[in-house]
Amino acid sequence: MTPRGKFISLEGGEGAGKSTLLAGLQAHLVEQGVDLVQTREPGGTPLGEAIRAIVLDAGRRDLSAESELLLMFASRAQLVRERIEPALAAGKWVLCDRFTDASYAYQGGGRGMPMERIAELERWATNGLTPDLTLLLDLPVATGRARAAGRGEADRIEVEADAFFERVREVYRTRAAADPARFRVIDASLTPAQVLEAAIGATHHLFGAVA
Ligand code: T5A
């Protein structure tokens, strides 16, 4: 029987360096012989990418916090069924740019949606699927926003105030502290090479478990 693959998620605030890390980490894992599926949230499927276009559209002012939360989970439910679960079942590893922790941080922390409601959605929409490893790129809000600002127009979430992103960061850090077996917190103010090195180090135990 094919052993189930490993599921790694990347999390962090705006401009924390997830995309930068993703490229290096993907190359490393493939070099190690991992059959890897890379994906992202919201998005990762045709339906999810359509949802992403809606939730990040800076011109869409009519979206309520409740609708935003449900759309994040609609994208996630589709991604889990269409790509993540089949890949893991086939022994592939999945590297996902954000997963359910982002809903706790952004919709729970940022928007103030009740955490227990998010937990209910998690159980229902993902069957409680949890990453084997979550790399949290932690960075002061001002540093991340300054990095992200270099990229052009802000999306619908990036236009939020600093206080929103402080709450996002706080929820991420609280969740990481509560589940140290799953989370590895990486100081994202280090150089990209140092961040990659820390991330690679954090994946070692997953290989041990494959045998
Ligand atoms: N969202 C998502 C929710 O609200 N709820 C949810 O449930 C989910 C899943 C998605 C948005 O949706 C929200 C969260 C987000 O607002 P996204 O595609 O994940 O958005 O994009 P962002 O979080 O906006 O990610 P960014 O593209 O802003 O940041 P990254 O990918 O973390 O950063 P990156 O790698 O592009 O780097 C930004 C800049 O910094 C430089 C890079 O060169 C780049 O210029 N940089 C560094 N500079 C110095 N030192 C380093 N170590 C650096 N690493 C990168």
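Modeller: Helices here are DSSP runs of H or I with at least four residues, strands are E runs of at least two, and both are numbered from the N terminus. It's a predicted model, with pLDDT of at least 70 needed for local features and 80 or more for side-chain atom pairs, while totals for chains, interfaces and linings use all residues. Numbering starts from 1 along each chain as its sequence is written, and side-chain values use heavy atoms, without hydrogens and water.

Colleague: OK, what order do the strands of the sheet come in?

Modeller: The open sheet has 5 strands in the order 2-3-1-4-5, with parallel pairing; two strands pair if DSSP finds at least two bridges between them.

Colleague: And which strands stand at the edges?

Modeller: Strand 2 (36-40) and strand 5 (183-187); each has a single partner strand, so one side of each has no neighbour in the sheet. On average, neighbouring strands are turned by 20° against each other, direction ignored. Axes are lines fitted to C-alpha atoms, for helices over the stretch in contact, and angles between N-to-C directions run from 0 to 180 degrees.

Colleague: How many bridges are there between strand 4 and strand 5?

Modeller: There are 5, in the parallel sense, with strand 4 covering residues 133-138. T134 has F183 in strand 5 as its bridge partner.

Colleague: What about strand 1, is it buried or exposed?

Modeller: 6 of the 6 residues in strand 1 are buried, so the rest of the structure largely encloses it. Buried means under 20% relative accessible area with a 1.4 Å probe, protein chains only. F7, S9 and E11 point one way, I8, L10 and G12 the other way, and all are buried.

Colleague: Which residue stands opposite I8?

Modeller: L95 in strand 3.

Colleague: Which strands does helix 1 lie across?

Modeller: Helix 1 (residues 18-31) lies across strand 1 (7-12), strand 2, strand 3 (93-97) and strand 4, at about 170° to strand 3. Helix 3 (residues 65-89) also packs on the sheet, touching strand 1, strand 2 and strand 3, and its direction makes about 160° with that of strand 2. Contact is heavy atoms within 4.5 Å.

Colleague: Switching topic: what volume does the largest pocket have?

Modeller: About 750 Å³. Of its 37 lining residues, K18, S19, D97, R98 and R151 are closest to the centre. On a 1 Å grid over the protein atoms alone, a pocket is an open set of points with protein on both sides within 12 Å along at least five of seven lines, a cavity is a set where a 1.4 Å probe fits but cannot get out, and lining residues have an atom within 4 Å of a point. Volume is the space filled by probe spheres set on the points, which are joined across faces, edges and corners.

Colleague: Which helix gives the largest share of that pocket lining?

Modeller: Helix 1, with 5 residues. The lining divides into 16 nonpolar, 9 polar and 12 charged. Asp, Glu, Lys and Arg count as charged, Ala, Val, Leu, Ile, Met, Phe, Trp, Tyr, Cys and Pro as nonpolar, and the others, Gly among them, as polar.

Colleague: And how many residues line the largest cavity?

Modeller: 16, with G13, E14, L139, V141 and R169 nearest its centre. Its volume is about 140 Å³. Helix 7 (162-178) gives the largest share of the lining, 4 residues.

Notes. Buried means under 20% relative accessible area, exposed over 50%, partly exposed in between (1.4 Å probe, protein chains only).
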